Amino acid sequence: MYEYYASEGQNPLPFALAELIDNSLSATSRNIGVRRIQIKLLFDETQGKPAVAVIDNGRGMTSKQLNNWAVYRLSKFTRQGDFESDHSGYVRPVPVPRSLNSDISYFGVGGKQAVFFVGQSARMISKPADSQDVHELVLSKEDFEKKEKNKEAIYSGYIRNRKPSDSVHITNDEERFLHNLIIEEKEKDSFTAVVITGVQPEHIQYLKNYFHLWTRQLAHIYHYYIHGPKGNEIRTSKEVEPFNNIDIEISMFEKGKVPKIVNLREIQDDMQTLYVNTAADSFEFKAHVEGDGVVEGIIRYHPFLYDRETYPDDPCFPSKLKDEDDDDDCFILEKAARGKRPIFECFWNGRLIPYTSVEDFDWCTPPKKRGLAPIECYNRISGALFTNDKFQVSTNKLTFMDLELKLKDKNTLFTRILNGQEQRMKIDREFALWLKDCHEKYDKQIKFTLFKGIITRPDLPSKKQGPWATYAAIEWDGKIYKAGQLVGITYCHFFNNNLI
Ligand SMILES: Nc1ncnc2c1ncn2[C@@H]1O[C@H](COP(=O)(O)OP(=O)(O)OP(=O)(O)O)[C@@H](O)[C@H]1O
Ligand SMILES: [Mg+2]
C-alpha cells in the first residue's frame, strides 16, 4: 500500500485525505441544504490518543451498506446485483458544466486505502435518515491479522447498532474524544463519521508542520466544487452564488493551543485561485474524443504588466528562478513566464488528478514560422482540462491512464467555445488570433498614471495627429516617475543621464 501511494516527491497524505472527502462529496450530493464536510485532527493528548476524523452530513449508510464499505473493490458497478434501495442499478450522472457531478466514488477501494494509509484502525459511524439507530463498525490491521491466523473471514465485522448520542460503549480511555463527537449526533438527521486512530507519527508531524501547505493543496483539488464552474473569482461586490453550499472545514486541535480552523473556501492562494485572478482573458474550447469522451478546456492569459510577468508562481513550491540572486547590474531579460511548467492541469469529474498534466496541444505551441503574436506570449498561458467519466484514472485517483493518448488521437476534434457556442473556424487560427489580441490589449511595459487629457499633435502627419492621451507620471518597476523629473537610467556597462 505504501508503494501504491508512492509519489513523485510529494507527500501523498493530502491525497489520502482527499479520498475521504471524495466519499463525503458523493454522500452529500443529494443534500438539499448545505453539504458539510469536516476534517478534524484531534491531536490534543488530554482527549486521548491522536485521531483523524472525517465527518459529513450526507445520506449515511445502512448496516448492509456499512458492511459493503469494508469490502475491497465492491464498487457501485459491481454492487448492481444487490437490491438495496439506492444500489439497484447504477445510473450515470447527467452532464453538467466542468463535470462537477460529485460522482467520485468509483473503484470501491479509496476509503479503505486511505484509512489504513493514515492509521492502524478505523471506526465507521453512520446513520441514514430513515433509521432510528446509528451503525458502528471498527476495522483494524491488528484484527485482520488475528483473523487471518485463526483462518476466519477477514472482512466480516461486528456492526453495533445504538441510539444517537449514546457513547456508553466507549470505555477505552485512549478514545475519550469520541464522547464529544458522539454527543453531536443529536442534531443530525443522517451522517457518516470516519474516525482513524493509531495515526502514524510521521503523519501527525506532517499534518502539524505543513498545515498551511496541505490545506492549500486540498483547496486546489476541490477548487471547482467549492467555488463553482467559473472558479474563485475574487469579487469586491457580494453577489449571491449558486455554488456555495459545499463547506469543507479543516480543524486541528492541540493541547494548550487555539484550534486552527479553515474553511477551504476562504483560501485565496491555491493555484487555481491565483490562475483565475491573474488572468486578463480566457479561451474556452471543447474536445470530442472517440467513445463519448468529452473534455472541456480553458486557457488563461497572464499578461506582462509594468515590467514583470503576472503568471503566478506556486507559493507552496516556488520555482527556482526566483531564488537566483542577480547581483549583476546588467538588465536581465525576463525569463519565460511559465518556465518549465506544463500548460494544463487536469480535472476528472470536477476534481483535480494531481499527478497528471498535459504539456500542450499542437495548436497552442509556438509556430515554427513567425506567428501572429510574439513567441513569449505562448509562455503567458495556463490552462485546465475537465474530463467526464469516460476517461480512466488510476484507483488512487492520482493519475489519468489514457487522457493524453486519447486527446492526441488524430480523430479527436477540438473546437473553440465562444459565448457558449462551438465555433466553426479551425482552432489553430482561433487561438492564434486570440493570443495576438491578448498581447495587443493586455501586455504593457509601463503603467501610465495621472491622466491629463486628450490632445492633438500637429507635429505629426495629419492621419496620426490625434487623439493622444497624455499622462503626468509613469509607474515602472514599482517606482513612480513624474513628468519633468530628473532620472538616471542605468544600462549595462554604461551610464546615461536623461531628462524626460
Ligand atoms: N461518507 C460516506 N457516506 C456514505 N457512504 C459512504 C461514505 N464513504 C463511503 N461510503 C460507501 O462505501 C463505499 C466504499 O467506499 P470506498 O471509498 O472504499 O470506495 P468507492 O468510493 O466506492 O470507490 P473509490 O475507490 O473510487 O473510492 C462507497 O461506494 C459508498 O457507498
Ligand atoms: Mg471512495
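The side chains of Ser167 and His179 are joined by a polar contact of 2.8 Å. This pair belongs to a predicted model of a chain with 500 residues, 47% of which count as buried.

- Ser167 is located in the loop that runs between strand S5 (159-162) and helix H5 (177-183).
- Ser167 counts as buried because its relative accessibility is 14%, and buried means under 20%.
- When neighbours within four places in sequence are left aside, Ser167 is in contact with His179 and Ile182.
- Ile182 is also included in a core of 14 residues, which is described below.

**The chain as a whole**

- Eleven helices and 22 strands are found in the chain.
- Of the contacts between residues at least 6 apart in sequence, 69% join residues that are at least 24 apart.
- The chain exposes about 26800 Å², and 53% of this area is supplied by carbon and sulfur atoms.

**Nonpolar cores**

- In soluble globular proteins, nonpolar side chains tend to be buried together.
- In this model, the largest nonpolar core has 97 residues.
- The residues with the most contacts inside this core are Leu218, Tyr222, Phe285, Ile299, Phe361, Trp363 and Phe431.
- Helix H1 (residues 13-27) provides the largest share of this core, namely eight residues.
- A second core is separate and has 14 residues, including Val134, Ile182, Phe191 and Val195.

**The site of ligand 1**

- There are 18 residues around ligand 1, and those that come nearest are Tyr106, Gly108, Gly111, Lys112 and Lys397.
- The residues of this shell divide into six nonpolar, seven polar and five charged.
- A polar side-chain atom of Ser105 lies 2.8 Å from an oxygen atom of ligand 1.
- Lys397 likewise has a polar side-chain atom placed 2.7 Å from an oxygen atom of the ligand.
- For Gly108, a backbone N or O atom lies 2.7 Å from an oxygen atom of ligand 1.
- On its own, ligand 1 has 590 Å² of accessible area, and the protein covers 93% of it.
- The elements that give two or more residues to the shell around ligand 1 are H1 and helix H3 (110-118).

Technical notes: Residues numbered from 1 in each chain as written. Chains lettered and ligands numbered in written order. Predicted model: local features only at pLDDT ≥ 70, side-chain atom pairs only at ≥ 80, totals over all residues. Heavy atoms only, no water. Core = buried A, V, L, I, M, F, W, Y, C linked by side-chain atoms within 4.5 Å. Buried < 20%, exposed > 50% of the residue type's maximum accessible area, 1.4 Å probe, protein only. Helix = DSSP H or I, 4+ residues; strand = E, 2+ residues; numbered from the N terminus. Contact = heavy atoms within 4.5 Å. Areas by Shrake-Rupley, 256 points an atom, 1.4 Å probe, with all protein chains shown as cover. Near = heavy atom within 4 Å. Polar contact = N/O pair within 3.5 Å; in protein donor to acceptor, adjacent residues only side chain to side chain. Nonpolar A, V, L, I, M, F, W, Y, C, P; charged D, E, K, R; others polar.
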